[in-house]
Amino acid sequence: NVQLGSASVLDAAELISIFRSETPTKDLVVAISHDDYGVSTGGVQNIIGDECEEFRRRGINYLHLCPARPKMQLSEDRHGAEFFFAARLNGQALGRISGAALERVIVEFKRLSTQITWVIHHVMGHSPELLKRLILTWRTTTPLFWTHDYFAACTGYTLMRNTLEYCGAPEPESSACRVCVYGTARKMHRERVADLIFSISPKIVSPSQRALELWERATGFSGLPTHVATPANLVLNKKTIPHRQRQHSPLRIAHLGAPVFHKGWASFEKLAAALKNDSRYRFFQLGSNANLPSSITHVDALVKPGQRAAMIDAIVVNRIDVVVSWSLWPETFCFTAHEAIAAGAFLDHRRNQGHVDAAAAEYAAQAAREIEDEGELFSYFQSGKILTDVSNATLRVGALLPAVGSAEISLLNVPKNLN
């Protein structure tokens, strides 16, 4: 029941007045997502922040809307009568606005012939029916619909049966769905999202080709135009880096990001506990602060606007040798795996981890190890094979450069040098 946005509630006239007085042009991107990118941190929020900055550089206004009361499923308010958005214009928080008031705003934009591109990054917490009405009221370019995860296919956006294991995205009527906590609601959930998608006929934008292919199979939404927009560009130095001289110091092994189950934290925590007294290894968690067992050392590393290299810097400063990437779902991109490679760490990654597999093969063929399951992971460390692999690895360092998100695709005010 956390409420986003300031205490002020905007009416339609106030938002129109702000738009007229504080924006240099009439061109507008209206971006929809599940939470406030100016407050929350994560991969999706990074992408939204990057594209907002690029659109502003082009002189295009950027109105971001998320549910004022975020939730993990679709809103039950199909009419939007009591739905409130938290709004940001060009990065600045404005307050909250009702769905009804926003409809009046869009009607006014239509009267003014405002050029609008709709960008849907996420529909979690939203009313698809309200979004459908808003978009069909006025749009001047093809809407964009991002596949940051698999929420369009199921409320369980990571496609993990009972939040425990990857399900493979079976049909909603399957026996596998009937024994899953998300199964009962999945058919109706998918139908509501499908109605939005087929009504607005968007271009589907995906962070990776693997994510796009799985998303199309999981949702059944095929035949729409598609585009793969890489969220960030990994650039590596051609020169290799020398191995750190250990002088009998332990191998430093890290989990990057939040200690959550679907990111493989349980396996990492068990590995650290099993090897707690093994002098060959030390274990770390780099990310936001958390209550950790004594076998794992926490290091603050918070990636946010103005500090986009925070994770890479933390890996380097803390001399992390190995990053364990163990997500239990098919990652659509995975910033942390790319950050590990950019920092010159050896990457141990679980097989069938979505785009991580492709990234490791492309950028770290001589500095990564694909591992089948938890048993093989434990054996790999207990046997000391990891020590040999790290010693023999060909490591390079580089940078993970922010991309421009939807600005890569939008036809609004595209400078000649970006065509």
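## A buried aromatic pair

In this predicted model, Tyr 281 and Phe 381 are both buried. Their ring centres lie 5.5 Å apart and their planes stand at 70°, so the two rings form an edge-to-face pair, given that planes over 60 degrees apart count as edge-to-face. The pair links distant parts of the chain, with Tyr 281 in strand 14 (residues 281–287) and Phe 381 in helix 12 (residues 374–382), 100 residues apart.

Tyr 281 and Phe 381 also belong to a cluster linked by ring pairs, whose other members are Trp 265, Phe 268, Phe 283 and Tyr 380.

## Other ring contacts

The count of aromatic pairs comes to 13. One of the pairs joins Trp 215 and Phe 221, whose ring centres are 5.6 Å apart and whose planes meet at 65°, so this pair is likewise edge-to-face. Trp 215 has a relative accessibility of 1% and therefore counts as buried, and Phe 221, at 3% relative accessibility, counts as buried too, because the cut-off for that class is under 20%.

A charged side chain is also placed against a ring, as Arg 88 lies over the face of Tyr 37, at 6.0 Å from the ring centre.

## The buried side of helix 4

Helix 4 (residues 128–137) has as its buried residues Pro 128, Glu 129, Leu 130, Leu 131, Leu 134 and Ile 135.

Terms used:
Residues are numbered from 1 along each chain as its sequence is written. This is a predicted model: local features need pLDDT of at least 70, side-chain atom pairs count only at pLDDT 80 or more; totals for chains, interfaces and linings use all residues. Side-chain values use heavy atoms; hydrogens and water are left out. Rings of Phe, Tyr and Trp (its six-membered ring) pair if their centres lie within 6.5 Å; planes under 30 degrees apart count as stacked, over 60 as edge-to-face and the rest as tilted. Buried means under 20% relative accessible area, exposed over 50%, partly exposed in between (1.4 Å probe, protein chains only). Helices (H or I, at least four residues) and strands (E, at least two) are DSSP runs, numbered from the N terminus. A charge sits over a ring if NZ of Lys or CZ of Arg is within 6 Å of the ring centre and within 35 degrees of the ring normal.
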